[in-house]
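This report walks through one protein chain, from its overall make-up to single residues. Please keep the structure in view while reading.

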Amino acid sequence: FLSQVDSANAGRVLASDAAVFLKKSGLTDLVLGKIWDLADTDGKGILNKQEFFVALRLVACAQNGLDVSLSSLNLPVPPPRFTDTGSPLLLSGTASSDLPWAVKLEDKVKYDSIFDSLNPVNGLLSGDKVKPVLLNSKLPVDILGRVWELSDIDRDGMLDRDEFAVAMFLVYCALEKEPVPMSLPAALVPPSKRKPLSVPGAMPLIPSSTKESHQSLPPVGILAAKTPLTQ
């Protein structure tokens with residue numbers, strides 16, 4: 001992984017290169033920002049070899065539902081996964097479109113009835129309508145924030161019927177004391193939201209032009225920011 005971001009073998013990784021690479025982990029900008037802050041110990045915007053390894057280890061922790069903190073570094077986790085053709089651990093085998101959806105049919109019927117009772121508009125529920133349902137679970141606000149972030153798959157600030165089912169599924173998992181993952185597992189992505197597999201490497205994972213940057217914040221800006229994230 002280091003040789004992919006440090007092709008010159010300089011023994012250091014710049015913030016811009018690290019940001020592009022770490023985005024391929026599928027983790028949110030919020031989580032990646034936290035990982036960067038922990039790895040870039042002296043805030044210089046560059047990672048040395050050891051710090052880059054810390055970042056990779058924290059990515060692996062996040063992908064396996066563990067806390068992104070230095071105390072997680074010694075926990076046994078599988079190596080991090082990156083969606084990149086050059087990655088030695090490219091996820092292969094079952095196409096994600098073939099995976100059965102983790103939300104069972106009988107649960108989906110239950111979640112749909114809750115969804116309909118909240119008076120969706122054009123098949124969508126706003127955050128204001130979903131919020132009371134989430135708060136009703138009495139789960140910590142940071143967990144509920146992560147549930148919302150994971151279930152709003154198309155990032156439009158609204159939940160459709162399938163996204164709402166994902167949110168409910170995650171809430172019930174959390175109530176059963178199961179950790180809410182840092183990134184949405186492939187099996188939880190609703191079939192309606194799954195993209196057909198294209199030629200590897202053909203789909204740009206990072207916005208290629210600045211016109212898209214208002215939708216997905218440039219990762220460098222987030223990684224370099226040392227201000228505490230309060231949301």
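## Overall make-up

What percentage of the 231 residues of the chain count as buried? The share is 39%, where buried means under 20% relative accessible area, exposed means over 50% and partly exposed lies in between, with a 1.4 Å probe and protein chains only. This is a predicted model, in which local features need pLDDT of at least 70, side-chain atom pairs count only at pLDDT 80 or more, and totals for chains, interfaces and linings use all residues. Residues are numbered from 1 along each chain as its sequence is written, and side-chain values use heavy atoms, with hydrogens and water left out.

The chain has 9 helices and 4 strands. These are DSSP runs, numbered from the N terminus: helices are H or I with at least four residues, strands are E with at least two. Read from the N terminus, the order is α-β-α-α-β-α-α-β-α-α-β-α-α. Among contacts with a separation of 6 or more, 62% join residues 24 or more positions apart. A contact means heavy atoms within 4.5 Å.

## Helix α4

Helix α4 covers residues 49–63, 15 residues in total. From first C-alpha to last, α4 reaches 21 Å, close to the 21 Å expected at 1.5 Å a residue. The expected span is 1.5 Å times one less than the number of residues. At the N-terminal end, N48 caps α4. A side-chain oxygen of N48 lies 3.1 Å from the backbone nitrogen of Q50. Just after α4, G65 takes a positive phi of about 75°.

How many of the 15 residues of α4 are buried? The count is 11, so α4 is mostly covered. Among the buried residues are F52, L56, V59 and C61. The buried residues of α4 pack against helices α1 (2–5), α2 (15–23) and α3 (29–39), and against strands β1 (12–14) and β2 (46–48).

## Aromatic pairs

The structure holds 6 aromatic pairs. Rings of Phe, Tyr and Trp (its six-membered ring) pair if their centres lie within 6.5 Å; planes under 30 degrees apart count as stacked, over 60 as edge-to-face and the rest as tilted. F1 and F82 form an edge-to-face pair because their planes stand at 75°, with ring centres 4.9 Å apart. F1 lies in the segment before α1, and F82 in the loop between α4 and α5 (105–117), so this pair ties together parts that are 81 residues apart in sequence.

F82 also pairs with F21. That pair is tilted, at 4.5 Å centre to centre and 35° between the planes. F21 belongs to helix α2, and 61 residues separate it from F82. Both F21 and F82 are buried; F82 has 1% relative accessibility. Ring pairs link F1, F21, F52 and F82 into a cluster.

K110 lies over the face of Y172, at 5.2 Å from the ring centre. The cut-offs are NZ of Lys or CZ of Arg within 6 Å of the ring centre and within 35 degrees of the ring normal.

## Residues in the loops

Where does S72 sit? S72 is in the loop between α4 and α5. S72 counts as buried because its relative accessibility is 4%. Leaving aside neighbours within four places in sequence, S72 is in contact with C61 and D67.

K177 and K193 both lie in the loop between α8 (161–175) and α9 (219–224). Is K177 buried or exposed? K177 counts as exposed, at 75% relative accessibility. Phi of K177 is near 70°, a positive value in a residue other than glycine. K193 counts as buried, at 18% relative accessibility. K193 touches I153, D154, D160 and E163, not counting residues up to four places away in sequence. The C-alpha atoms of K193 and I153 are separated by 7.8 Å, although the two are 40 residues apart along the chain.

R155 lies in the loop between α7 (141–151) and β4 (158–160). Phi of R155 is near 55°, also positive in a residue other than glycine.

How values were computed
Polar contact = N/O pair within 3.5 Å; in protein donor to acceptor, adjacent residues only side chain to side chain.
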